[in-house]
Amino acid sequence: MNHSGITIPFLDLKAQSKSIRNDVMDAFDRVLVSGQFIGGEWVERFEEEFARFVGSKYAVGVGSGTSALELALKTARIAGRDDVIVPANSFFATAEAVSNIGARPVFCDVDPMAFHLDINSVERLITPRTRAIIAVHLYGRAMDMTALEELAERRGLTIIEDAAQAHGTERDGIRVGGSGRLTCFSFYPGKNLGAYGDAGIITCHDRVQAERLRLLRDHGSPAKYIHVMVGTNSRLDAIQAAVLSVKLRHLREWNMRRVQHAKAYVMRLRNACIQTPEIPPVREHNFHLFVIRVKNRDAMRRHLHACGIETGIHYPQPLHLTRAYQDLGYPMRGSLPVSEALASEILSLPMYPELTDSQIEQVSEAVLQFLGQAETQEISVPAIHG
Ligand SMILES: Cc1ncc(COP(=O)(O)O)c(C=O)c1O
């Protein structure tokens, strides 16, 4: 138990670090001895390994997932006066990246089961200003891109993929990151493949795009003190790249364990009056997050906390209702009903590879206990799926 009375944390990064400590320390040591801290062999090696892993021709390491999105948008030549459609239920950075390059995010509602962009809503939002759509593989589930691809092609729009949560997932035999489109990953420590600090990467098949990304991440500089465009400083550190190379070797196994945990949760909660996630074909979902939907979410969260169980909410406020985007003029309620409902009903249960069967049992029991205690459960969604 930690000092806050939590016995089952939402995420346990220490357990993972312990399991790979020797290999990580060895990697740190080799970077220290090499004296190469920015760029160089560690970064190049990881970029090659990651490109091979996802099946892309190129992978360009950058400073964070947010930066990956910004540089991908710039590479796709999105700029001021352009609109970019983004899902309202995502991490803030998905929209922030659009704003940071001077364009305008247009918020779109999501599908209530998969939590991905709702295609019909996307279509309704397209105007002559729309240039691109950011498809987020939210919670680690690979989005079905077929309808979106067809729509984007028909309307002449660019798709950029936000795969910050979707390391190692695939759909129809193609790994997320291997589609050829600009695809952005975050290696924030809590991700399924996480660094020991901030880091990110962009994958693509196009050589010209990869070259532009390499320039943009490093002051537009192909060689020391030569600057051919205005870029930024968003390089992947050698130390992070070396850690990521070690961790990439475990990713398949870690993802598989998460899927097993998800199945165990769904089995235990199968008769509960809550919406549990679908369990799609194994590699379609990496269960970065295991998100349930329940009407009296805040009371359930308090109950779990009292039982020593930490939970998360991803995300408590739909992006169009954040203070940061008030000037875009969205009405306070009702414009994106699914995202708005989700924000007050979703709850992320503890999920990480090192979670034990008995911890899953304890969490599930606490959920069931709460539901048994709750006198009236107004449930707006089907009891179980998958
Ligand atoms: C969906 C999504 N997009 C973008 C990001 C931004 O990544 P980073 O934190 O590495 O900047 C994150 C991660 O937090 C994310 O979950």
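Modeller: Take Asn192. Asn192 sits in the loop that links strand 8 (183–186) to strand 9 (200–204). The model is predicted. Asn192 counts as buried because 23 C-beta neighbours fall inside 10 Å, and the cut-off for buried is 20 or more. Its contacts, leaving out residues up to four places away in sequence, are Gly140, His167, Gly168, Leu251, Trp254, Asn255, Asn286 and His288. Pro353 is 161 residues from Asn192 in sequence, yet their C-alpha atoms are 9.0 Å apart.

Now the domains. The assignment for the protein chain gives domain 1 as 13–248 and domain 2 as 252–373. Their C-alpha centres are 24 Å apart. Domain 1 puts 26 residues into the contact, and domain 2 puts in 26 residues. On the domain 1 side, helix 1 (13–19) and strand 6 (170–171) are the elements that give two or more residues. That side has 12 nonpolar, 9 polar and 5 charged residues.

Back to strand 8, at one end of the loop that holds Asn192. Strand 8 runs parallel to strand 5, joined by 2 bridges. Glu161 has Thr183 in strand 8 as its bridge partner.

How values were computed: Residues are numbered from 1 along each chain as its sequence is written. This is a predicted model: local features need pLDDT of at least 70, side-chain atom pairs count only at pLDDT 80 or more; totals for chains, interfaces and linings use all residues. Domain bounds come from an automatic or database domain assignment. Two residues are in contact if their C-beta atoms, placed from the backbone, lie within 7 Å. Helices (H or I, at least four residues) and strands (E, at least two) are DSSP runs, numbered from the N terminus. Ala, Val, Leu, Ile, Met, Phe, Trp, Tyr, Cys and Pro count as nonpolar, Asp, Glu, Lys and Arg as charged, and the others, Gly among them, as polar. A residue is buried if 20 or more other C-beta atoms lie within 10 Å of its own, exposed if 12 or fewer, and partly exposed in between; C-beta atoms are placed from the backbone. Two strands pair if DSSP finds at least two bridges between them.
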